[in-house]
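Please look first at the sequence and the model shown below.

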Amino acid sequence: MSDHSKSSPLKMYFSVWAALLVGTIITYKAAFLELGRFNAAVALTIATVKALLVALFFMHIRGAHEKLLKLVVISTIFFLILLLALSMADYGTRLWS
Amino acid sequence: MATPSGPQGERENYLNKHYGVGSWLLTTDHKRIALLYLISITFFFFIGGFFALLIRLELLTPAGDLVQADSYNKLFTMHGMVMVFFFLIPSIPAVLGNFLVPMMIGARDLAFPRINLLSWYLYIIGGVMMMHCMLTGGVDTGWTFYTPFSTAFTNTKIVEAGLAIFVAGFSSILTGLNFVVTIHRMRAPGMTWSRLPLFIWAHYATSIIQILGTPVIAITIVLVAVERTLHLGIFDPKLGGDPLLFQHLFWFYSHPAVYIMILPSMGIVSEIIACFSRKRIFGYSFVALSSIAIAVFGFLVWAHHMFVAGISVYAALIFSLLSYAVAVPSAVKVFNWTATLYKGSIRYDAPMLYAFGFLGLFTIGGLTGLFLACLGIDVHVTDTYFVVAHFHYIMVGGALMGYLGGMHFWWPKISGRLYPEGWARLAALIVFIGFNLTFFPQFILGYVGMPRRYYQYPQEFQVLNVLSTAGATVLGVGYLLPMIYFLWSMRYGKPAPDNPWNAAGLEWKTPSPPTTFNFEEEPVVTWEAYNYEEIDAHSDIRPDEEAPSVG
Amino acid sequence: MSDSPAVAIHGEAHGEAHGAAHNPALLHHFAEPQQQRDAASLGMWIFLATEVMFFGGLFCAYLIYRRWYFEDFGAASKSINATLGATNTAVLICSSLTVVLAIWAAQTSRRALLIGSLVLTMLFGVAFLGIKGVEYKEKFEEHHVPGASFSFDRVPIPRHPDQYANPQHAQIFFSLYFIMTGLHALHMIIGLGIFTWLLIMAWKGRFTPEYYTPLEMGGLYWHFVDIVWIYLFPLLYLIDRHP
C-alpha cells in the first residue's frame, strides 16, 4: 500500500494508461479486418489483457502484500468459468443426438 | 472477569447494557443482531408452517375440498418461498452464525458491524415485500419461478415476490461477506486455521456459496422481472428465447443454496457430537475440508434438476456423475461423526438428541439424493413426492434438526438461562417421530407415482397421505414446544453458568450472557480445537459447579 | 443502571471507542489500523466477486444466444455506433487513470491534485453517461428498443446480403444490449454517487497519507466497472464489423 513511496509510481500509471488506449485502438481497428473466426479471439484476448492491466496495476493486485486477494480473484474467475463452461456443456452438445 | 453488578444485582451483559427499542433497532452488536434475526426468522417460520398446515389439511382427503387448484398452487408456492428464502437460508448463519462466529474466533465483533445491521434491514425490507405480496394475492409458480409460465402466463405477483427475494438475497450476500472477512482478519492470536472450530469452517464454506451463488439468482430475477414487464424474449421460446437458460441460471444458485442450509447445520452437529462424546472430532481436517469440498462441488451439479427438462443427454451424463461426487465429502462427514461417537462417553442431552436425529435423517436424505442423481431413476420419480420427501429430509430433517440442536446447545449462552432439559428431550423425540411420520410416507407415495403440486389425488393414496398429515400435526407440536419453553426459560429458567456443557471453544469462555465486547481481554489460543480429553483430564470438577452463584 | 458515564445508545460503533487515544478512524473492534485496512480491502474484493457473478449471469446468456443466433447478432451489433462505443472506452480508461492519480495524491498529501483528479474522474463519468445517452437516443429513433415498437425488418446479415436477420433474434440481442449496458450505466451512476462523497471527504481534508481507505475502496469499485466495460465493448459493439 504505502510502501510505494520510495519511487513514484506515476510513470507506471501513465504507461498502463497509454497501453490501455493503444489496446482500445487496436481492438477497434482489428474489428474491421477480415480475420474469419479469429476476430472474436483477437477482441477477447485484447480485452483480457486490458482487464489484467487494470487489475494488476490500477487495482494493485500485483503489489498486494498477501496472496489472499489474488486467491479471491482467481477463485472468482474460476467460478465464473464454471458457470459458463457447464452451461455450454449442455448447449454445446444438445444437437449431438 | 465479570463486570461489577448493577443495582439489580445482575452483571452487565449485552442484553441489559442498553434498554429501549432504539438500542435494539440501531445496534451494531452482532449478538443483538442475531436476536433480531432470531425473532424475524421465527416469525417467517410460522408463516411458512401455516401454509404447510393448510397444504397437509387439503391433502387429507383425495378430493379438493378445502381449497381449489389456484389457491393450492399459491399455498405450496408461498410455503416454499417463505421457508427457503426467509427461513432456511438465513436461519443458522444469520442467527447462530452471527452470534457465534466472532466469539468462537476470539473477536469483539464481526468485521463490518454496520453492514451486519444493514443486512438485517435488507432482510426485513424483503420480508415486508414478501408479506405484502402474499397478502395481496401471492404467487402461483412454485418457488422455482419457472419460465415462460412466470414471465408470460401467470397473472400473479411475480415481480414483487422476485424483488423481495432479490433484496433478501443481498442480505444473505452481506452476511457471507462479513463472515469471510471476519474469519480471515479477526481471529485471536493463536487461533490458527487448524484450530478453528468446525462450525467456523462450515460457515466459511457457506459464505463462499452465498457470495458466489446469490448474485446469479439476483440477475436471473432481474431478467425475469424485466422480461415480464417489457415482454422481452430472453426466456420465452415463442420469441426465440430459451426457458432452459432460466433453469440453468436459477439452479446455479438454488442447488448450492441447499448447501447454504445444510453446511452450517453440519457445523453445529460437529460441535455437539464432539462435546457430548467428550472426544476430539475424528479426522478434524477431513471434516473441515469436506465443508469446502461440498461448497465447491455444490456448484458443479445444478443441472440434475433439469434431467427431464430437455437438456442434452451428454450434459446430463456429466451432471449425474458430478452429483455423485458431492456424496463423497458428505459421507466423509457422516463417517467421521460416527467414528467420533465410537468409545466416547456419550451423554444424551437434548442437543445430542437433535444431532442424532440429524445423522439419521441426513443420511436418508442424502442417499435418496443419490437415487435422484441417477438418470434412470430420476426419470421415474421426477416431480413426484419422492423428490418432496428427499429434499425435506435434507432441509427439515437435516438443516432444521441442526438448527434446533444448536439453539438448545447455545441457548444458555444466548439467554443466560437454562432450558428445561426434560421438556427439551421430549420435544426432540416428538420432532423426530413427527418428521418421519410426515415424510417417510411421501417416499412411498412418490415411488408409486403420486405427483407433487396437485391438490387432488386418487383414492388409493389416501392412507399414506393421512399418515403424512398426522405426522405433520405431531411435528407442529414438536416445533411449538421449544418456542414455548425457550420463552418460559427467559423468565423462569435457572441462570446458566458460563459453561454448562463443560465444552471446549472460546465462546464458552465468555460469561453467560456475554458482555457487549465478548472478551474483556483479547484471548490467546494455545490449545487445539476439541481438546476434550485434556479438559476432562485436568478438571474433576465441572466449571458450572464452581461458577459463582448469580443473583 | 450502572455508574458508568452515559454512553450514547445509538450504537454507532466508533462512538464506543475505548483504550488509548489512537487513530479516530479506528473502529473499536479492530486491534490496529492495519487490520482494519486489510479487512476493508478484503471485503471490497469479495464484494467485487459478487459483482462478477452478477454480470456473469448476463455474459452466460449472451454467450448462449450469440452462438445460437450468430448471424442475427452480427447484424444487430452492426447497427450500433461503434465509434461512440470506442470513445466511451477511452473516456473510462482516462477516468481510471485519474482515480489512481487521486489515490497517489492522497498518499503524498497533494490536496490540489487529489481534488482535481476526483473532479476529473466525475467529469469523465458524466461524459460517459452523456455519450451513452446519445447512443440510446439513436437506438430509440431507429426503433431498436425492444418492445411493442421494435422493428428490425429487412436488415441484411453480414456477408450474406441476400438474407435478412430474424427480427425476434435481433430483439434478443438488443434486450441483452440494453440490460447489460443499462446495468453498467447504473453502476456508473452509483460510482458517481460514491465519488461525490469522496470529493466531499477530500474537500474537508479527511484523507491523509495514513488514512485513505475510502479512496482505495471507491477506486476498486470504479476500476471494476471499467473492466466490465472493457468486455462489453468488443462483445456488443464489435462483432461482425468487417465487410
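Predicted model: local features only at pLDDT ≥ 70, side-chain atom pairs only at ≥ 80, totals over all residues.

In β2(C), His160(C) is the bridge partner of Ile157(C). This pair belongs to the place where strand β1 (residues 156-157) of chain C and strand β2 (residues 160-164) of chain C run antiparallel, joined by 2 bridges; strands are DSSP runs (E, at least two residues), helices are runs of H or I with at least four residues, and both are numbered from the N terminus, while two strands count as paired if DSSP finds at least two bridges between them. The hairpin of β1(C) and β2(C) has 2 residues between the strands, and in it Arg159(C) takes a positive phi near 70°.

Residues are numbered from 1 along each chain as its sequence is written, chains are lettered from A and ligands numbered from 1 in the order in which they are written, and side-chain values use heavy atoms, with hydrogens and water left out.

Turning to the neighbour chain A, one finds 49 residues of chain C in contact (heavy atoms within 4.5 Å) with 44 residues of chain A. Between chain C and chain A an area of about 4200 Å² is buried, and carbon and sulfur atoms give 80% of it; buried area here is the accessible area (1.4 Å probe) that two parts lose on being put together, summed over both. The side of chain C that touches chain A receives two or more residues from each of α1 (33-68), α3 (82-107) and α6 (213-237) of chain C, and the largest share, 19 residues, comes from α1(C). By class, the residues on this side of chain C divide into 32 nonpolar, 10 polar and 7 charged.

The contact with chain B takes 44 residues from chain C and 47 residues from chain B. Chain C and chain B bury about 3900 Å² between them, with 71% of it on carbon and sulfur atoms. On the side of chain C that touches chain B, the elements that give two or more residues are α1 and α5 (167-203) of chain C, and α1(C) gives the most, with 19 residues. That side of chain C has 25 nonpolar, 16 polar and 3 charged residues.

Conventions
Nonpolar A, V, L, I, M, F, W, Y, C, P; charged D, E, K, R; others polar.
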